[in-house]
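Colleague: I am new to this structure and would like to go through it by question and answer. Please show it first.

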Amino acid sequence: VPLRQFCRGGIVTDDREMNRQLDMLERAGQATVPLTIRGEKGSGKDRIAQYAHDLSRRRRAPLVKTNCAYLTEEQMYIELFGTAARADLGLLHRAAGGSLYIENADLMPAFVQYQLMNHIQRQEANDVRFMICLQQQGQSSGLCEQMSYHFSSLVFDIPPLRQRPQDILLLAFQQLQQLWQEYGLERTLGPAVMSA
């Protein structure tokens with residue numbers, strides 16, 4: 001299967017809706033507007049964030065990532081802002097000139113959301129493009145009103161794989177290709193498997 005014709009920025013798809021969303025992302029590629037990525041667990045939100053970063057003028061600067069699912073309120077605050085003694089340890093400082101991707105932002109404690117929004121509104125964000133991902137599909141689930149509004153201008157919805165069955169074989173072939181490249185294991189799918 002010639003995967004190149006179905007591949008955009010490492011994202012393999014033949015789905016009309018996914019391609020429509022990717023078109024939108026590419027049109028907004030040079031924009032610095034915040035990006036919200038919504039999708040189920042395992043849907044590839046991190047790949048969309050990487051592609052959005054690679055499309056931007058910030059691609060030579062870092063894409064810094066964090067995940068709210070595993071941090072307490074205090075840990076999340078320190079992760080973003082650093083400590084009183086060392087602000088340069090915070091992700092906001094490390095992402096300067098680049099992008100900051102916050103996974104599971106809908107799980108971010110409200111106090112940290114308000115601190116982040118205050119930081120953005122005071123223009124202390126060190127020239128950072130913000131990208132958040134939400135696991136919940138509701139427009140503002142888990143986000144405070146300020147954050148929900150701020151991140152509403154550019155929203156990328158990843159359709160679940162069960163709604164785009166034509167991508168299943170493409171993704172399977174991509175995995176086989178990666179096995180071959182990484183480990184030298186040449187594998188194929190038999191006709192019965194492909195038919196199933």
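Predicted model: local features only at pLDDT ≥ 70, side-chain atom pairs only at ≥ 80, totals over all residues.

Colleague: How many helices and strands does the protein chain have?

Modeller: Helices (H or I, at least four residues) and strands (E, at least two) are DSSP runs, numbered from the N terminus. The C-alpha trace spans about 60 × 35 × 30 Å along its principal axes. The count for the protein chain is eight helices and seven strands.

Colleague: What percentage of the 196 residues is buried?

Modeller: Buried means under 20% relative accessible area, exposed over 50%, and partly exposed in between, with a 1.4 Å probe and protein chains only. By that cut-off, the buried part of the protein chain is 43%.

Colleague: Which elements do the buried residues of H1 pack against?

Modeller: Helix H1 covers residues 16-27 and reaches 16 Å from its first C-alpha to its last, close to the 16 Å expected at 1.5 Å a residue. The expected span is 1.5 Å times one less than the number of residues. Its buried residues are Met18, Asn19, Gln21, Leu22, Met24 and Leu25. They pack against strand S1 (7-8), S2, strand S3 (35-38), H2 and strand S7 (155-157).

Colleague: What covers the buried residues of H7?

Modeller: H7 has 18 residues and reaches 27 Å from first C-alpha to last, close to the 26 Å expected at 1.5 Å a residue. Its buried residues are Asp167, Leu170, Phe173, Gln174 and Leu176. Their cover includes S2, H2 and helix H8 (191-195).

Colleague: What is the volume of the largest pocket?

Modeller: Rolling a probe the size of a water molecule over the atoms shows where empty space is left. On a 1 Å grid over the protein atoms alone, a pocket is an open set of points where a 1.4 Å probe fits, with protein on both sides within 12 Å along at least five of seven lines; lining residues have an atom within 4 Å of a point. Grid points are joined across faces, edges and corners, and a volume is the space filled by probe spheres set on the points. For the largest pocket the volume is about 360 Å³.

Colleague: Which element gives the largest share of that lining?

Modeller: Of the 19 lining residues, the closest to the pocket centre are Gly42, Ser43, Gly44, Arg164 and Leu171. Strand S2 (11-12), helix H2 (45-55) and helix H7 (166-183) each give two or more residues to the lining. The largest share, three residues, comes from H7.

Colleague: How many disulfides does the structure hold?

Modeller: A disulfide is a pair of cysteine sulfur atoms within 2.5 Å. For Cys68, which is buried with a relative accessible area of 4%, the nearest cysteine sulfur, that of Cys133, is 8.6 Å away. The sulfur of Cys144 is 12 Å from the closest cysteine sulfur, in Cys68, and so too far for a bond. The number of disulfides is zero.

Colleague: Where is Asn104, a residue other than glycine with a positive phi?

Modeller: Most residues other than glycine have a negative phi. Phi of Asn104 is near 55°, and Asn104 is buried, with a relative accessible area of 6%. Asn104 lies in the loop between strand S5 (99-103) and helix H5 (110-121).

Terms used: Residues numbered from 1 in each chain as written. Heavy atoms only, no water. Contact = heavy atoms within 4.5 Å.
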